[in-house]
Amino acid sequence: MSQLDPEGLPAHVDRLFRAAWALCGSRVDAEDLVQETFARVLSGPRVLRGRDELAYLLAALRNTYVSDRRRAARRPALIAKPIEDLPLVTTDAALVPEPAFEASEVLAAIAQLPEDFRLALIAVDVVGLSYAEAARALGTREATITTRIYRARQQVSRRLEPDRVGKSDG
Amino acid sequence: MNLRHRHSGHSAEAALARLADGSIAENERSELERAVAASPELAAKLAEQRRAVAIVAAVDIEAPARLLEHLRSPQPARRPRSRWATRRGLIAVAAALLIFALLGARDHGLDVRGEAHLALARATLAPPRQSASDHAVLTAAVGGVAFPDWRGRGWLAIGARSDAIGGHSVETVFYDSSGYGRVGYSIVAGSPLAIGSAQSVRHYAGVSYAVLKFDGATVVTWDRDGHTCVLASRRAPAAALLGLAGWA
């Protein structure tokens, strides 16, 4: 069994930040989530148990997110409104045959997915894990992950259709 | 058309998802591509999958530099203490290092920019309620300076947090409006903080309001009864914040 190498963490920061933003729906919350996740994983030796570093970090990110939500849910009259952020222009229109979307639009669309679909899409399409790695990181079967990814992509694609007005999901 | 893969047992959805991102097994690819070519319905579903893959792949946001700085800050050597004490201690050290990195390790006292980071951070507490004795304010206050109730102006209190920087306790209430999103309003206990350079200074009813930029956000700061007050927002313009500050 290998241990998590703290020296290797900076290489994963960008992907984890995108994953956190897609998870939380907020750039500010994403930054807090990543910081908290790194603080947890750096607080002691971490055994990877056959997972690669990125899969391990995604699982840690998800666990931190869930823990934070549970803590927040125990407080009375807690916030229910989403926090809005400025859009960041990052898409390269020359690479994407579709109309270029603001990154925040895409991440907001992902953040609106049901949690199971959201996590599956984040694991594979945002973080870049294989289906098998994603299944291990999220504690489910590979076939389940694949189906969730299909449905998540379907919903994201439909939410971001330029001429979506008047259409319904089906 | 109900396509099933005898070899993998995957459903049609799973097969299309894998074909869209190229992760499908080679021995399944040809059969599936023939099925897609023969079915407009499957072709449309595959196009939808590929579109989503392309859109998400185009998101190329980089993490803020301070996250990398947080990672690269030297970790304290572990001492033979309990596992829980070590974990709490490391988290506290990491948080302190981050805050001091943002403040630039100033040696002439705290700067309001260090506090502005808290006004832009995440709420960790439920919002304070409206005061029963004075409906113009909330139940939260610092040194007798109460947070205003701005619901009549379209800003609803949605959360709060409590922090401490350099011995100053800082209370923050977050408000949200449909037009400008979220604004954080912090009141710092103790003597007023240094402002440093400001974009502009406005004067109204005997109070000076400094406007400055911090981490892409607009910040307005002023003193109320000897306490530093900070309004910060990533979306609301300075004019909106000055309007709120005048009512604080």
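A:Asp125 is placed in helix α5 (residues 115–126) of chain A; helices here are DSSP runs of H or I of at least four residues, strands are runs of E of at least two, and both are numbered from the N terminus. The model is predicted, so local features need pLDDT of at least 70 and side-chain atom pairs count only at pLDDT 80 or more, while totals for chains, interfaces and linings use all residues. Residues are numbered from 1 along each chain as its sequence is written, chains are lettered from A and ligands numbered from 1 in the order in which they are written, and side-chain values use heavy atoms, with hydrogens and water left out.

With a relative accessible area of 16%, A:Asp125 is buried. Buried means under 20% relative accessible area, exposed means over 50%, and partly exposed lies in between, using a 1.4 Å probe and protein chains only. The side chain of A:Asp125 makes a polar contact of 2.8 Å with the side chain of A:Arg153. A polar contact is a pair of N or O atoms within 3.5 Å; within protein, one must be able to donate a hydrogen and the other to accept it, and residues adjacent in sequence count only if both atoms are side-chain atoms. Apart from neighbours within four places in sequence, A:Asp125 is in contact with A:Arg153, B:Val53 and B:Val56, where contact means heavy atoms within 4.5 Å.

After α5(A) comes A:Gly128, which has a positive phi near 95 degrees.

Helix α1 (residues 13–24) of chain A also has twelve residues, and its first and last C-alpha atoms are 16 Å apart, close to the 16 Å expected at 1.5 Å a residue. The expected span is 1.5 Å times one less than the number of residues. Nine of the twelve residues of α1(A) are buried, so that this helix is mostly covered. The buried set includes A:Leu16, A:Phe17, A:Ala20, A:Trp21 and A:Leu23. Just after α1(A), A:Gly25 has a positive phi of about 80 degrees.

A:Leu33 lies in helix α2 (residues 27–41) of chain A. Its relative accessibility is 1%, and A:Leu33 therefore counts as buried. Not counting residues up to four places away in sequence, A:Leu33 touches A:Ala20, A:Leu23, A:Cys24, A:Leu61, A:Thr64, A:Tyr65 and A:Asp68. The C-alpha atoms of A:Leu33 and A:Tyr65 are separated by 6.8 Å, although the two residues are 32 apart along the chain.

Chain A as a whole has seven helices and zero strands. Of its 170 residues, 52% are buried. Among chain A contacts between residues at least 6 apart in sequence, 65% join residues at least 24 apart. Chain A exposes about 7600 Å², with carbon and sulfur atoms supplying 49%; such areas come from the Shrake-Rupley method with a 1.4 Å probe, and for residues only the protein chains shown count as cover.

Chain B has seven helices and nine strands. Buried residues account for 48% of its 248 residues. Its accessible surface is about 11900 Å², and 53% of that belongs to carbon and sulfur atoms. For contacts in chain B between residues at least 6 apart in sequence, the share joining residues at least 24 apart is 52%.

Over all chains, the structure holds six aromatic pairs. Rings of Phe, Tyr and Trp (its six-membered ring) pair if their centres lie within 6.5 Å; planes under 30 degrees apart count as stacked, over 60 as edge-to-face and the rest as tilted. B:Trp150 and B:Tyr185 form a stacked pair, 5.6 Å centre to centre with 10 degrees between the planes. This pair links distant parts of the chain, 35 residues apart: B:Trp150 is in the loop between β2 (145–148) and β3 (156–165) of chain B, and B:Tyr185 is in strand β5 (residues 181–188) of chain B. Both B:Trp150 and B:Tyr185 are buried.

B:Asp225 lies in the loop between β8 (217–224) and β9 (227–233) of chain B. Its phi is near 50 degrees, a positive value in a residue other than glycine. Most residues other than glycine have a negative phi. B:Asp225 is exposed, with a relative accessible area of 68%.
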